[in-house]
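Please study the structure before reading the solutions.

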Amino acid sequence: MAIRKLGRDVAIVGVGMSKFGAFPDKAGRDLFVEAFRELRGAVDKGFDPTAIEALYLGNYSSDLFEGQGHMAPIMADAVGLCPIPAMRLEDACASGGVALRQGVMAVASGMHDVVLVAGVERMTKLPTAQVTDTLGSAADTLYEIPAGFTFPGFYAAIATAYMHKYGMKPEHLMNVAIKNHQNGALNPKAQFGVTIPDWMQGRIAAAIKKGKPAPTWRDEWDFLHDAAANPMVAWPLRLFDCSPVSDGAACVLLVSGERAREFTDNPVYVIGAGQASDAPLHDRADLTTLSASRGAAAQAYAQAGVTANDIRIAEVHDCFTIAEVVASEDLGFFAPGTGYKAAEDGMTARDGARPINTSGGLKSKGHPVGASGVGQAVEVFKQMRGEAGARQVKGDIPLAVSHNVGATGSTCVVHVYEKR
Amino acid sequence: MTEPTIRPFTAASFNQYLAEHKLMGTRCPACNATYLPPRAICPRCHGEALEWVELSGGGKLAAFTSIYVGPSAMVAEGYDRNNPYVAGIVELAEGAKISARILGVDARKPDVAWIGIPLSVAFVDRGEADTQSTVLAFSAG
């Protein structure tokens with residue numbers, strides 16, 4: 001497939017997101033309105049909502065999660081955007097990234113000058129068992145689900161293939177969880193915005209308050225090995241290897257390059273947008289890599305005219321800890337079989353050579369599935385503009401990447417961002 | 001005498017074969033490639049001259065997990081945190097890979113050394129006569 005350059009410059013000029021978490025009293029539209037209101041107040045030179053020409057909405061399954069289909073026009077109406085065209089994109093947990101790519105294409109093509117890209121998911125209203133089944137329907141329900149697979153199970157299977165091929169131990173994955181919780185603790189929007197040691201202290205305080213014997217963990221490693229505190233979900237993945245069930249929304253305002261200065265003097269350009277598809281997990285030659293991630297990254301890098309070595313930071317799809325390890329290799333940052341060592345050596349930490357998931361990632365920030373791909377763009381925008389507060393990476397960030405995955409890599413979307 | 005009817009290349013046909021305790025894939029004669037699950041169109045040459053082929057049922061374990069928190073269908077079968085089960089990806093002797101339940105291993109003592117162990121097909125019948133269905137499984141040893 002020939003890689004074509006974008007037809008014209010596309011810039012992000014403002015972002016907004018709701019807090020990610022569990023909000024029993026907030027419908028999907030309430031979360032979307034929250035994100036939109038933040039965006040509205042965050043564009044440097046302000047903007048008139050009537051300037052928006054189209055809405056691209058990432059949403060996986062409002063139908064099953066909250067009994068509401070046809071979300072895009074309902075979101076448009078909730079913030080007074082009718083009658084502009086509004087469409088929902090669904091590619092499982094990559095829905096947000098796919099919506100972003102469609103928005104980029106709409107602006108790059110000249111079809112629109114100003115578009116709103118958003119993602120929303122309200123998940124916690126459903127009981128956990130039904131959430132498991134709803135997420136499971138993003139897999140092949142005819143041939144994968146009858147085997148008893150769940151999403152933690154699929155990624156656990158990837159982990160066993162990886163362990164067998166490269167010698168990784170389950171303990172190595174804990175480095176990813178510890179790092180992402182350290183980052184998330186500095187993100188006020190994060191669902192679990194606490195470090196694992198802080199989490200432990202909370203558990204101890206709660207036990208004492210209830211008059212129960214206080215747990216005595218030596219350190220965070222001891223805690224993560226405790227089968228009661230960190231139970232097995234799908235061996236080798238435990239609870240703290242898994243992203244949570246979340247409610248949340250995020251949005252970005254995309255405009256043509258020539259109009260960017262109407263909105264801000266500090267835009268972030270999207271210069272590459274790649275997407276690829278793949279068969280169910282069992283039908284792949286190599287179970288230790290997501291070939292759709294490699295394909296999407298190759299497209300995005302070629303379109304942007306950059307290589308993996310040029311990228312300063314990345315937001316990657318860490319729905320499970322093993323997914324971040326594999327993504328760090330698939331994006332070309334580390335050689336196959338070495339991503340887990342890079343995480344252990346601190347290379348992916350905020351002060352490392354290649355910071356990954358400074359937002360806390362899906363693991364700590366939360367994973368409202370249709371919103372996650374857009375939430376990644378929100379973090380990249382803030383980091384590139386130096387507005388990430390306590391979690392800000394030091395130094396200039398000329399180039400960054402976001403990586404969003406649907407199911408086990410049946411869909412992967414990669415975007416490359418540039419700060420000029 | 002009439003020609004025997006060729007079953008359509010669908011999941012319903014695959015499941016019907018499973019109920020007959022046959023593991024059936026499809027083969028593209030042009031590519032000499034075998035597909036499981038069955039396909040109506042060859043993904044390599046896009047030809048449509050596929051034919052059903054019965055697989056040997058032998059294979060090896062390519063990847064697996066021991067699941068402690070299962071989907072509601074597995075919970076209904078009695079699996080839970082105290083009674084985990086193993087799901088895996090099996091590489092068949094014919095080369096194709098498929099998701100399946102893995103039997104004959106201790107789900108409480110998963111070991112990555114299981115990868116590569118030889119497996120043979122097993123058919124797990126569930127339910128009563130009218131509602132009976134057969135689940136694809138592979139057994140170690």
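The exercises below refer to this predicted model.

**Exercise 1.** Determine how many salt bridges there are over all chains.

Solution. A pair counts when a side-chain nitrogen of Lys or Arg lies within 4 Å of a carboxyl oxygen of Asp or Glu. By this rule, the count over all chains is 23 salt bridges.

**Exercise 2.** Classify A:Arg385 and A:Glu387 as buried, partly exposed or exposed.

Solution. Step 1: the two side chains form a salt bridge, with an N to O distance of 2.9 Å. Step 2: buried means under 20% relative accessible area, and exposed means over 50%. Step 3: A:Arg385 has a relative accessible area of 11%, so this residue is buried. Step 4: A:Glu387 has 40% relative accessibility and is therefore partly exposed.

**Exercise 3.** Locate the partners of the salt bridge between B:Arg126 and B:Glu77.

Solution. Step 1: their side chains meet at 2.4 Å, N to O. Step 2: B:Arg126 belongs to strand S7 (residues 118–126) of chain B, while B:Glu77 is in the loop between helix H2 (72–76) and strand S5 (85–92) of chain B. Step 3: the partners are 49 residues apart, and the pair links distant parts of the chain. Step 4: B:Arg126 is partly exposed at 28%, and B:Glu77 is partly exposed at 33%.

**Exercise 4.** Identify the network to which A:Glu262 and A:Arg259 belong.

Solution. Step 1: the side chains of A:Glu262 and A:Arg259 form a salt bridge of 3.0 Å, N to O. Step 2: salt bridges with shared partners join A:Arg8, A:Asp113, A:Glu258, A:Arg259 and A:Glu262 into one network.

Methods: Residues numbered from 1 in each chain as written. Chains lettered and ligands numbered in written order. Predicted model: local features only at pLDDT ≥ 70, side-chain atom pairs only at ≥ 80, totals over all residues. Heavy atoms only, no water. Buried < 20%, exposed > 50% of the residue type's maximum accessible area, 1.4 Å probe, protein only. Helix = DSSP H or I, 4+ residues; strand = E, 2+ residues; numbered from the N terminus.
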